[in-house]
Amino acid sequence: MRKLLAVMLIAGGMTFAADGAAIFKSKGCASCHQPAADTVGPGLKKIAQAYAGKEGELVKFLKGEAPAIVDPAKEAIMKAQLTMVKNLPEDQLKALADFILSHK
Ligand code: HEC
C-alpha cells in the first residue's frame with residue numbers, strides 16, 4: 001500500500017510539473033529556445049525577464065494577438081511558429097507561459 005501511494009504521488013507530481021514543459025518540447029519550441037543562451041531565438045531567461053509580471057501579455061503573444069517585445073526585428077520568424085500553439089485551450093497556453101516565466 002505504501003509503495004502504491006508513493007507511485008501515485010510521483011506520477012501525480014510529474015503530470016502537474018510536466019504540462020508547460022511538455023507542450024514546449026512537443027511543439028518543437030526547444031529547437032530555437034535554450035533555457036539561458038540565445039541561439040536562433042532568445043533564451044527563455046531573456047523572455048521571462050521581458051515578461052516578468054505580465055503573464056497575460058505573454059499568453060496574448062502566444063495567441064498571435066500582441067506584438068513581439070523581446071526581439072521585434074526577428075518577429076517574423078517567431079510569428080510563423082505561433083500556428084503551433086495559438087489555438088490551444090487557455091489552460092494549456094497558461095501552462096506554457098508559466099513554464100517560460102519560470103526561467104527568470
Ligand atoms: C525557428 C525558430 C523558432 C521556433 C521553432 C520557436 N521560436 Fe520563439 N522565437 C524565435 C525568434 C527568432 C524570436 C525573436 C523574435 C521575437 O521576439 O518575436 C522568438 C521569440 C519568442 C518569444 C518572445 C516574444 C516577444 O515578445 O518578443 C516567445 C514567448 C517565444 N518565442 C515562444 C516560442 C514558443 C512557445 C515556441 C514553440 C511553439 C517557439 N517560440 C518556437 C524563434 C523560434
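Modeller: What follows is a conversation about how particular terms are applied to this predicted model.

Colleague: Let us begin with the metal, then: which residues coordinate the iron atom of the ligand, and how do you know that they are donors?

Modeller: The iron atom is coordinated by His33 through NE2 and by Met78 through SD, at 2.0 to 2.1 Å, and because a donor is an N, O or S atom within 2.8 Å of such a metal, both atoms qualify. Histidine 33 sits in the loop between α1 (2-26) and α2 (44-50), while methionine 78 belongs to helix α4 (residues 75-79), so that the pair links distant parts of the chain, 45 residues apart.

Colleague: What makes the arrangement around the iron atom octahedral?

Modeller: There are six donor atoms, and the angles that they subtend run from 88 to 179°; the label requires six donors with opposite ones over 155 degrees apart and all others between 65 and 115, and the arrangement is therefore octahedral.

Colleague: Which residues are closest to the ligand, and which backbone atoms lie by its oxygen atoms?

Modeller: The ligand is surrounded by 24 residues, of which the closest are Cys29, Cys32, His33, Tyr51 and Met78. A polar backbone atom of isoleucine 69 is 2.8 Å from an oxygen atom of the ligand, a backbone N or O atom of valine 70 also lies 2.8 Å from a ligand oxygen, and for aspartate 71 the distance from a polar backbone atom to an oxygen of the ligand is 3.0 Å.

Colleague: How many salt bridges does the whole structure hold, and what makes the contact of lysine 46 with aspartate 38 one of them?

Modeller: A search of the whole structure finds four. Between lysine 46 and aspartate 38 the closest N and O atoms are 2.7 Å apart, and because the limit is 4 Å, the contact is a salt bridge. Lysine 46, at 40% relative accessibility, counts as partly exposed, and aspartate 38, at 42%, is partly exposed too.

Colleague: How do you know that glutamate 90 and lysine 63 form a salt bridge, and what of lysine 74 with aspartate 71?

Modeller: For glutamate 90 and lysine 63 the closest N and O atoms are 3.0 Å apart, a value within 4 Å. This pair links distant parts of the chain, 27 residues apart, with glutamate 90 in helix α5 (residues 90-101) and lysine 63 in the loop between α3 (55-62) and α4. Lysine 74 and aspartate 71 have their closest N and O atoms 3.8 Å apart, which is also within 4 Å, and their pairing is therefore a salt bridge as well.

Colleague: Finally, why is the pair of phenylalanine 24 and phenylalanine 99 called tilted?

Modeller: The count comes to one aromatic pair, in which phenylalanine 24 and phenylalanine 99 lie 5.2 Å centre to centre with 50° between the planes. Ring centres must lie within 6.5 Å, and because planes under 30 degrees apart count as stacked and those over 60 as edge-to-face, the rest are tilted. Phenylalanine 24 lies in helix α1 and phenylalanine 99 in helix α5, so the pair ties together parts 75 residues apart in sequence.

How values were computed: Residues numbered from 1 in each chain as written. Predicted model: local features only at pLDDT ≥ 70, side-chain atom pairs only at ≥ 80, totals over all residues. Heavy atoms only, no water. Donors = N, O, S within 2.8 Å, 3.2 Å for Na, K, Ca; no water. Tetrahedral: all angles 85-135°; square planar, octahedral: opposite > 155°, others 65-115°. Helix = DSSP H or I, 4+ residues; strand = E, 2+ residues; numbered from the N terminus. Salt bridge = Lys/Arg side-chain N within 4 Å of Asp/Glu carboxyl O. Buried < 20%, exposed > 50% of the residue type's maximum accessible area, 1.4 Å probe, protein only. Near = heavy atom within 4 Å. Polar contact = N/O pair within 3.5 Å; in protein donor to acceptor, adjacent residues only side chain to side chain. Phe/Tyr/Trp six-rings, centres within 6.5 Å; stacked < 30°, edge-to-face > 60°.
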